[in-house]
There are 2 protein chains.
Amino acid sequence: MPNGNHEKRRDAIRQLLLKGPAETQAWLVATLAADGHNATQSSVSRDLRELGAIKTARGYELPADNQAGDEQVAAVAGLLRTMQAAGPNLLVVKTAIGAAQRVALAFDRCNWPEVVGNIGGDDTVFVATESSIAQKNLITRIEHSARS
Amino acid sequence: MPNGNHEKRRDAIRQLLLKGPAETQAWLVATLAADGHNATQSSVSRDLRELGAIKTARGYELPADNQAGDEQVAAVAGLLRTMQAAGPNLLVVKTAIGAAQRVALAFDRCNWPEVVGNIGGDDTVFVATESSIAQKNLITRIEHSARS
DNA sequence: TCCGCATAAATATGCGCATAATTTGAACAT
DNA sequence: ATGTTCAAATTATGCGCATATTTATGCGGA
């Protein structure tokens, strides 16, 4: 394919984010270029999603890796089916039949700041978040944790 | 963006697959072109994934979908009590004592596009919808289905 | 016949481009 | 303060291209 710098570039981004938040994607593009990595804003956008980076007031940051949280979610990753926002502060997570309670418990244990609370039915979990932004960040977080 | 044919093209693919399996992606590309839809193999590949199409010995097929539909709701119509919107995207349905789970299951099976997900408690079902409009449509739909 | 192994066919994917969608910000009104 | 509206800035995404990856198809030797 066009370029196999994929992994290296992502590592570079990770390093940068560890030093401090990144204002904008454009800044990342420029800084990466200075380090010899070529990439467009498109790629950076996709990389950030892949890395599970979250946009905060300061800019893009890597979520403090809550080892415990990731493990909890990873443990039930196989039970997850789909996720969809319902309005600005409700996230609906569909799971394998009968697994919703277990998934809800896992989310609880993560102690994620975005989550106000959640309820599990049979194959559906309702997760209440405090705001629209929290909701979006939560989606990113779950996707990332489930893959790790 | 380059092209907004996205949805239409997918519909076209869906239609084709309903008529019969598609040998290869290349065949789909050609057939779509004949129907006036332009797309490369790349796009078709992604569309097929999006549609959930599966590759069988015959080629690509759509997984069989069970359209139970209104029957499900009609079956539990007698258990419904009241319905009320709670905010723009949550519908609260009260049911006969202990019937909520059954009602929630019926809603699930309907596969209504407005419904993001729902959870049944004891005599209450929370139904999450993606928007205020979806919610209103859903109310209409339930009322109609329950009467039929 | 049944394996490897080479090769071709088919499918999937990284990428940048163009552009859509969303968010931010400023100015003004309520 | 809070809401409203528009425009600019920022971010996200559909798409085709080029190419990587995976899967099917010989073909020769055991």
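This is a tour of a predicted model, chain by chain and contact by contact.

Residues are numbered from 1 along each chain as its sequence is written, and chains are lettered from A, with ligands numbered from 1, in the order in which they are written. Local features need pLDDT of at least 70 and side-chain atom pairs count only at pLDDT 80 or more, while totals for chains, interfaces and linings use all residues; side-chain values use heavy atoms, with hydrogens and water left out.

**Stop 1: chain A as a whole**

Helices (H or I, at least four residues) and strands (E, at least two) are DSSP runs, numbered from the N terminus.

Colour by accessibility next. Of the 148 residues in chain A, 43% are buried; buried means under 20% relative accessible area, exposed over 50%, and partly exposed in between (1.4 Å probe, protein chains only). Among the contacts in chain A with a separation of 6 or more, 58% come from residues 24 or more positions apart. A contact means heavy atoms within 4.5 Å.

**Stop 2: the two domains of chain A**

Colour residues 6-61 of chain A as domain 1 and residues 67-147 as domain 2. These bounds come from an automatic or database domain assignment. The domain centres, taken over C-alpha atoms, are 26 Å apart. Domain 1 of chain A puts seven residues into the contact and domain 2 of chain A puts in four.

Together the two domains bury about 450 Å², 52% of it on carbon and sulfur atoms. Buried area is the accessible area (1.4 Å probe) that two parts lose on being put together, summed over both. Between these domains there are zero salt bridges, a salt bridge being a side-chain nitrogen of Lys or Arg within 4 Å of a carboxyl oxygen of Asp or Glu. One residue pair is in polar contact across this interface (both at pLDDT 80 or more). A polar contact is a pair of N or O atoms within 3.5 Å; within protein, one must be able to donate a hydrogen and the other to accept it, and residues adjacent in sequence count only if both atoms are side-chain atoms.

α3(A) gives the most, with three residues. By class, this side has three nonpolar, one polar and three charged residues. Ala, Val, Leu, Ile, Met, Phe, Trp, Tyr, Cys and Pro count as nonpolar, Asp, Glu, Lys and Arg as charged, and the others, Gly among them, as polar.

**Stop 3: salt bridges within chain A**

Over all chains the count is ten salt bridges. Show the side chains of A:D47 and A:R10, which form one of them at 2.9 Å, N to O. A:D47 lies in helix α3 of chain A and A:R10 in helix α1 (residues 6-19) of chain A, so the pair ties together parts that are 37 residues apart in sequence. A:D47 is buried at 1% relative accessibility, and A:R10 is buried at 12%.

Then move to A:R58 and A:E61, whose closest N and O atoms are 3.9 Å apart in a salt bridge. Here A:R58 is exposed at 60% relative accessibility, while A:E61 is partly exposed at 23%.

**Stop 4: where chain B meets chain A**

Show both chains. The contact takes eleven residues from chain B and 15 residues from chain A. The two chains bury about 910 Å² between them, 64% of it on carbon and sulfur atoms. In chain B, select B:N89, B:V116 and B:I119, which lose the most area to chain A, together 52% of what that side buries.

How many salt bridges are there between chain B and chain A? The count is one, formed by the side chains of A:K94 and B:D108 at 3.3 Å, N to O. A:K94 is buried at 18% relative accessibility, and B:D108 is partly exposed at 22%.

Finish on β5 (115-120) and β6 (124-129) of chain B, the elements that give two or more residues to the side touching chain A. β5(B) gives the most, with four residues. By class, this side of chain B has five nonpolar, four polar and two charged residues.
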